[in-house]
Every structure is written in structure tokens, then in C-alpha cells.
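Please read these notes with the structure open beside you. They go from the whole chain to two single residues.

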Amino acid sequence: MRRTVPEDHGPVRFGPPLPDDGLPVPAELSAVLAAAAGRTGQDPVGGAPALLDAARGYWERRGLPTDPGDIAAAPGAPPLLLALTAALGGDVLVPRPCAAWWAPYARLLGRPVFHVATPAECGGVPDPYALLETVRRVRAEGGEPRLLVLSVADDPTGTVAPPEVLHEAVEAAVAEGLHVVADETWRDTVHDPHDPRGTVLIGPAEMLPEHVTVVSDLAGALLPPGWPAAVARFPATTTGHRLHARVLDVLTALGARLAAPVTTAAAYALAEPEPVVAHRTAAVRLHARVAAAAHAAVTGAGALALPPRAGRHLYADLGPLRVALAARGVGDAQELEDFLTARLGMPAPGGHRFGDDLAALRVRLSTGPLLGSADERRAACPATPDPPGPHRALDDLTSVFDELHDDRRWEPSR
């Protein structure tokens, strides 16, 4: 994922892709894909019946009764969000920060995107009062806010929104006539659902199902990113049925069909057989250990970061290290990205990629590059009860942040 062309502070064309889990693909899943490689026909736009039925079972196991007719599939979540944005019209609201891929699709359609501050305890969900104020301001300026995109298990912050915070935000959005799209790509990657310091993951569709469309990219926990597949669950209402139909129209115009072998693999994964569940459990356990170690290294140096509770990311604010960074020519998020990418030998996208202020010294660190060599990752397969410790790259991360901390400690008093 290294860039070969330097970038300035102008238009951003670099968007960090979804990371894989760093482990070998389960042999059973590979076999399913290989067995379907001879399929040459095209599946219908929106997904084949077997895939839609598997998605139905996936959501029903999570307490969301679903009819296959209220589901659509596409080759990845981006086409689904693009289709939803086109179908709903109006202006789009997103939390600050948010996943790097959300806003570009609205801008591609010429739709304004408004970022809303998040509460102190989590990312992914807007503060309800800030949301109401943003809606009021946008309407006063002649705008037409219609869509709120949020995530409970969040990229980039790696946090999980508490149910009460989520409920207040969703209620505020619905009261203002917004449709909510919940990106639940990382729902199944909560590090420790039984950790008393964490929180229970409850999605907005479990709170106000008539006003929420759920989108889940299977690259989060079920498939490799190179096998693009995602599913969306629409409200079982007249309005939801119309939205579903409009989304299928857009997907048809885009030619957004899943490859037939990927359809077969996605249906198998969504059924959650034992090999897939065991692989997911091992991956979550491994990334949780590395994320905790990375968080300790970052905060131990004086930077700020919420404890990661899900996914494969850590979002850090290096504002307290600003003087030490300035001595190294780092004054904004782009320069921080360049500095850490070079020093760590791994992508470290700045907060401006996620809608944050360029002047803020924020960065997203991914756990994937810290996992180790291919041999070490193979050792962390489901057959291994205790995966190996973090890779040397984590030592490098600790060393870089310790160096910044030491420089900060010896700053002259003012």
C-alpha cells in the first residue's frame, strides 16, 4: 500500500483500503471458491437467491428478522453506499472522523458532505446535540440533509459506541427526517464482548428498524478484501421497498454484480460454518492483542488515543507531542503521515484522510502491518491456542514514540 507519487496538501487521492486480517485464508473457504471457478454465468444484480438467503440467516442470528427481498448484495460496500446516496438524494452527514471511503461517493454525485463532532467516549456516531445543530444550520443555509452515515464498531477509531449514545443520535436523526445508513463492516470484530470496560454492541437497526439501512462489507470479518462482497439490509416498509428498488436500479446502471465464484464463497461465509468462525475468532484475538500493545506504546509516549475495542485500527492524537514533532518538520496531518510512514515502514494515514482538520496531528495506525512475517501469521491460525507475540514492527513503533516522548520531556520550560 505504499505510495509511489508524492502528494502535496491539495486534493487527496490516496484512500487507505480495507485491511485484511493478516492470516492465511481458511482452506475450506478457498476450496469453495475454487470449486465455483468454473461458473461462467452472471448472477442477478443485487445478489443470487442463495446469497440473499445466507445473508438473511446471518442477520437473524443477530436478532434482526429479515426477508431476502429486503436484501441487496454488491461487489463491496462502496457501490452500495454510492447507490444509497444516489437513491436518497439530498445532503449527507457523517461523523468526524469517519471511514475514508464514505465522503468521496457523495462528492462524486455532487452532494455536500457535512462532518459532525463525535462524543468524547467514542467515534463513529455523531454527538446528538451537534447533529441537531448541524441539521439546523444546513437547512438555514438552504441545504437539504437527508442521509446520516454512522458506524457502531468504528473505522478509524476502533471504538464501539455505547447503546445509550447511539440511541440518542439515531433518535435525533430520525426526528429530523434523516435516513440512517449503519456501516456494520466491523461488527464481528469486537475484541472482547465480555470485557466489563468495553460495551455491548447494539446496532441502530435494532433500535429503530424502520429508518435504518444496514451495510456490511464481508472484508471486515468473513472474506479477504480481494474477494469483494457486501450486503445491505433495508427496512421492511413501503419506503424501504422503494429504496431497495432504486438501489437495484443504480447497481444495474453501474454493472455492479458479484463475480459468480465470489457469490458462492460469500454465501458459504455468511452461513458461518465452523472453519470460518474459528478463523474469525483467531484473527480477532490476534488483532486485539496487537491493538492493546500499540495503544500502550502510543499513550505511554504522551499521545492521546481511545482504547481500541474493535477492528484493526488505532486512532491517535499526537497534539501533546507537537513541539517534538515540529523539530522534525512535522506541523500538520499530512506531514505527520509522511513522517510516520517513513519511520515505521508502514502506511500511517493522517487524520485529514478521515475528515479531520489538517492542522490536527492525528493519525490512524493499523494493526495488520504489526502482525509479523508470513510464517508468524501462519502460526496464529485457529489451530494455535496462543498466537505469537507482536512482531518487531511493534518494537519499532514503540521506539519511535519513545523518542518523541523523550524529546518532549526535555523541552525547555516556557
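1. The protein chain has 13 helices and 10 strands. Keep in mind that this is a predicted model.

2. The chain holds 414 residues, and 55% of them are buried. Its accessible surface is about 16900 Å². Carbon and sulfur atoms account for 55% of that surface.

3. Consider contacts between residues at least 6 apart in sequence: 73% of these join residues at least 24 apart.

4. Leucine 258 is a residue to look up in the model. Its place is the loop between α7 (238-254) and α8 (260-270). Is leucine 258 buried or exposed? Its relative accessibility is 7%, so it counts as buried, the cut-off being under 20%.

5. Which residues is leucine 258 in contact with, apart from neighbours within four places in sequence? They are Asp43, Leu51, Ala73, Ala74, Pro75, Pro228, Ala229 and Thr263. One of these, alanine 229, is 29 residues from leucine 258 along the chain, and the two C-alpha atoms are separated by 6.7 Å.

6. Glutamate 168 belongs to helix α6, which covers residues 163-175. Its relative accessible area is 44%, so it is described as partly exposed; that class lies between the buried limit of 20% and the exposed limit of 50%.

7. Glu168 is also part of a negative surface patch.

Methods: Residues numbered from 1 in each chain as written. Predicted model: local features only at pLDDT ≥ 70, side-chain atom pairs only at ≥ 80, totals over all residues. Heavy atoms only, no water. Patch = residues over 30% accessible without salt bridge, like charges linked within 9 Å, V, L, I, M, F, W, Y side chains within 5 Å. Areas by Shrake-Rupley, 256 points an atom, 1.4 Å probe, with all protein chains shown as cover. Salt bridge = Lys/Arg side-chain N within 4 Å of Asp/Glu carboxyl O. Lys, Arg positive; Asp, Glu negative; His and termini not counted. Charge placed at Lys NZ, Arg CZ, Asp CG, Glu CD. Helix = DSSP H or I, 4+ residues; strand = E, 2+ residues; numbered from the N terminus. Buried < 20%, exposed > 50% of the residue type's maximum accessible area, 1.4 Å probe, protein only. Contact = heavy atoms within 4.5 Å.
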